[in-house]
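Colleague: Hi! Could you walk me through this model? I'm new to reading structures, so please keep it simple.
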Amino acid sequence: MKPEVEIYDTTLRDGSQGEGINFSAADKLRIADKLDSFGVHYIEGGWPGSNPKDMEFFQQARRRKFKNAKVAAFSMTRRKGVAVEKDELMRQLLEAETPVVTIVGKTWLLHVTEVLRATPDENLAMIADTIKFFKDHKKIVFYDAEHSFDGYKNEPEYALATWQAAEKAGADAIVLCDTNGGCLPREISRVTTLAKNKLSARIGIHTHNDCGFGVANAIAAVEAGATQVQGTINGYGERTGNCNLISVIPTLALKMRQSCVPKASLPKLQELSHFVDEIANFNPDPRQPWVGVTAFAHKGGMHAHAVERVAHSYEHINPESVGNSRRVLVSDMSGRSNVLAKANELGFKLKSGTPELKPILARIKELENQGFEFEAAEASLALLIQKHLEHRELPFMVEGYHVSMRGNGMSSICEATVKVSVKNEFSHTVAEGATVVSRSAMKVPWPAYSRRRDDARTQQAHTTDRDRPHGLGRGAGERGGDEGRRRPAGPPLPAERRPGGRRAGAPAARGAPARPARGAQRDDRAGRRRRRRRPADRGAGRRAAGRGRGRPRHRPPHAGASVRERPVVGLA
Ligand SMILES: [Zn+2]
């Protein structure tokens, strides 16, 4: 069935003109495959002849079978004073061998006379000649009418004449472009309605986001009769970007009930968005409408409580319909509902009548008041809840640690200093080695089974002997660095103190999440992205501008680090 609105993706051409984006030919092919399987109707691959990468893309693309999408090649009208069949740009477009050709031409007289330095009639001839040439070659031809709205506002009759020239030459769609992105939705609506009334060809819309209206303007055009929307995934593009298809597609499908992409594709929307971010080397925008991780995150206690009872009381759609999910955040603004929902998500069996719920909430608020932040530290929250449910005191507190590396160019050594306390006693231990942090932690005193030495009341002591702890409360098995083979006398070691073992809820060397919570998995993905970031570190500016994760909140004056940077074991 023919869709009511066709989706024309220009991520690979207009999107790649965005700052910080540089797709290789292989990147473009991967994105094209993804777009095709998602179900967009047209994929604009690039501008043949503008660079070798785009030529390679078209060479590779013509050997592939796309099951949903048609590939489009983009170029401008023939050059002034050059016959269309002798124009090099036209030859390159034909060599791309795409079923669709998209031609951009001038609508605004200012551009015709001042930029192109052509006469108005010559511009009309350039439009007509180019479109007719490709229609004669049996192509589907879309005409991108550059500066349609600015041109129409400046000289409506001439703007209309350019569109009619394209239509008469056989264009399959006249695509009205808000190239400078400065129009308001009502202007888009008015001009699109007029074009719809004057032309018999299909109308498309191509908007930019300079006023933040990229999506709104595209939707206004659809309401006025446009049946093709051009845009990019995640709104990539020149300056502030293009119309964001990740917002347009669900708006058309779920709000306007217009058929566009296959229904089964909508739940893959977030996956598509993140896939393209990954290839573009950007962190996904957490606040992106529809698909951002905060799009359905509830922080206020009243909201969490209401959503628990009636989901749509604070959600405009079901998050799963676009591949997203509901999240309940825990902070000092939380109520019992937030803690209950988050605890159950983390695997605890809590009910609204659980007596520990109140002290857990009180402790969270107390710590948040001190400057800690649980919103992004689910492992710490899990430990806090576990502690309250088990009614036990933590066996020791990590008061502080320091890890450093030194090397000589051939090898490197890691050294850690760990200071822990057991009730009112302290131990300060230094050790070296590959797994030095966990090994240092294994050497701390454990009063339940450590045999304390009489002289072990010194609160701070150091050693530089490799793998040799020194100081308060060394146990029988802690001498000589043989703790990996011999266990000190006493009760069984907790799992996290066994070599290679880690109890659920216990931290790894650096405050790792306690359970495989979704937040932790996201952190891990973010880590992988950081590791694979190329030396040029594209996107760093964007992260600095606040799009990346992990911006520090204010820190507790005494701690010097937020909860996510501290060993979580000592906090609850
Ligand atoms: Zn554009």
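Modeller: Happy to! One term before we start: a residue is buried if 20 or more other C-beta atoms lie within 10 Å of its own, exposed if 12 or fewer, and partly exposed in between, with C-beta atoms placed from the backbone. Buried residues make up 43% of the 572 residues in the protein chain. This is a predicted model, where local features need pLDDT of at least 70, side-chain atom pairs count only at pLDDT 80 or more, and totals for chains, interfaces and linings use all residues. Residues are numbered from 1 along each chain as its sequence is written.

Colleague: Thanks! How many helices and strands are there in the protein chain?
Modeller: The chain has 18 helices and 13 strands. Both are DSSP runs numbered from the N terminus, helices being H or I of at least four residues and strands E of at least two.

Colleague: Which residues touch the most other members in the largest nonpolar core?
Modeller: That core has 93 residues, and Ile131, Tyr143, Ala171, Ile174, Leu176, Val229 and Ile249 touch the most other members. Its largest share, 7 residues, comes from helix H5 (residues 120-136). By nonpolar core I mean a set of buried Ala, Val, Leu, Ile, Met, Phe, Trp, Tyr and Cys residues joined through C-beta atoms within 7 Å. Another core, of 22 residues, lies apart from it and includes Val330 and Leu381.

Colleague: What is Val229 in contact with, leaving aside its neighbours within four places in sequence?
Modeller: Among its partners are Val5, Ile7, Tyr8, Ile205 and Cys243. Contact here means that the C-beta atoms of two residues, placed from the backbone, lie within 7 Å.

Colleague: Switching to helices, how do H1 and H11 cross?
Modeller: The axes of H1 (residues 25-38) and H11 (residues 269-280) come within 10 Å and cross at roughly 175°. Axes are lines fitted to C-alpha atoms, for helices over the stretch in contact, and angles run from 0 to 180 degrees between N-to-C directions. H1 and H11 are therefore roughly antiparallel to each other. Angles under 35 degrees count as roughly parallel, over 145 as roughly antiparallel, 65 to 115 as roughly perpendicular and the rest as oblique.

Colleague: And which residues in H1 and H11 meet?
Modeller: Asp27, Arg30, Ile31, Lys34 and Phe38 in H1 meet Leu272, Phe275, Val276 and Ile279 in H11.

Colleague: What about H14 and H15, at what angle do they pack?
Modeller: Helix H14 (residues 357-370) packs against helix H15 (residues 378-390) at about 140°, with the axes 10 Å apart. That makes H14 oblique to H15. Pro359, Ile360, Arg363 and Ile364 in H14 meet Leu384, Ile385 and His388 in H15.
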